[in-house]
Amino acid sequence: MFVLELSYTALLDRVDAALEAHVAWLDAQYEAGVFIASGRKNPRDGGVILAVGDDRAAIEGLAATDPFVVHGVCAYRITEFIATKTSQALAPYRQQL
């Protein structure tokens, strides 16, 4: 499992200009079963995405296709972790050490 932390690198007017494309990209990743949660940080200086996958390189490659990255308005910090405990709703994503 991965935590993708987005930090805006541009003013919010540039972020907002790419927002519709970013949301469409998010929707596609939810449809593909890669993303399980996402949202803005508060204060609004970026966002957080919770993603599932076994291949860090694939997650990094996916993040590079985010319209926010393509338009140069955010940078990603990706943290991989092993989800050994989850809520019952996330039980299918539990991992073994």
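Okay, before we start, one bit of bookkeeping: when I talk about charges here, Lys and Arg count as positive and Asp and Glu as negative, while His and the chain ends are left out. With that in hand, this protein has 8 positive and 12 negative side chains, and the centres of those two sets lie 8 Å apart. Oh, and keep in mind that what you're looking at is a predicted model.

So, the overall picture. We've got 3 helices and 4 strands, and if you walk along the sequence they come in the pattern β-α-β-β-α-α-β. If you like boxes, the C-alpha atoms fill one of roughly 40 × 25 × 20 Å along the principal axes.

What about inside and outside? Buried residues make up 32% of the 97. The accessible surface is about 5900 Å², and carbon and sulfur atoms account for 55% of that. Then there are the contacts: taking those between residues at least 6 apart in sequence, 65% join residues at least 24 apart.

Let me zoom in on one residue, H22. You'll find H22 in helix α1, which covers residues 12–31. Is H22 buried or exposed? Its relative accessibility is 6%, and anything under 20% is called buried, so H22 counts as buried. Leaving aside residues up to four places away in sequence, H22 touches L6, D66, P67 and F68.

Now back to the charges. Side chains of opposite charge can pair when their charged atoms come close. How many salt bridges does the whole structure have? The search finds 5, and I'll show you a few.

One is E5 with K41, with the closest N and O atoms 3.0 Å apart. That pair links distant parts of the chain: E5 is in strand β1, K41 is in the loop between β2 and β3, and they're 36 residues apart. E5 is partly exposed at 24%, whereas K41 counts as buried at 18%.

Another is R44 with D16, at 2.5 Å between the closest N and O atoms. R44 sits in the loop between β2 and β3 and D16 in helix α1, so this pair ties together parts 28 residues apart in sequence. R44 is partly exposed at 24%, and D16 is partly exposed too, at 38%.

Last one: K41 also pairs with D45, at 3.7 Å. D45 is partly exposed, at 40%. And through shared partners, salt bridges join E5, K41, D45 and R77 into one network.

Definitions and conventions:
Residues are numbered from 1 along each chain as its sequence is written. This is a predicted model: local features need pLDDT of at least 70, side-chain atom pairs count only at pLDDT 80 or more; totals for chains, interfaces and linings use all residues. Side-chain values use heavy atoms; hydrogens and water are left out. Helices (H or I, at least four residues) and strands (E, at least two) are DSSP runs, numbered from the N terminus. Buried means under 20% relative accessible area, exposed over 50%, partly exposed in between (1.4 Å probe, protein chains only). Contact means heavy atoms within 4.5 Å. Accessible areas come from the Shrake-Rupley method with a 1.4 Å probe; for residues, only the protein chains shown count as cover. The place of a charge is taken as NZ of Lys, CZ of Arg, CG of Asp or CD of Glu. A salt bridge is a side-chain nitrogen of Lys or Arg within 4 Å of a carboxyl oxygen of Asp or Glu.
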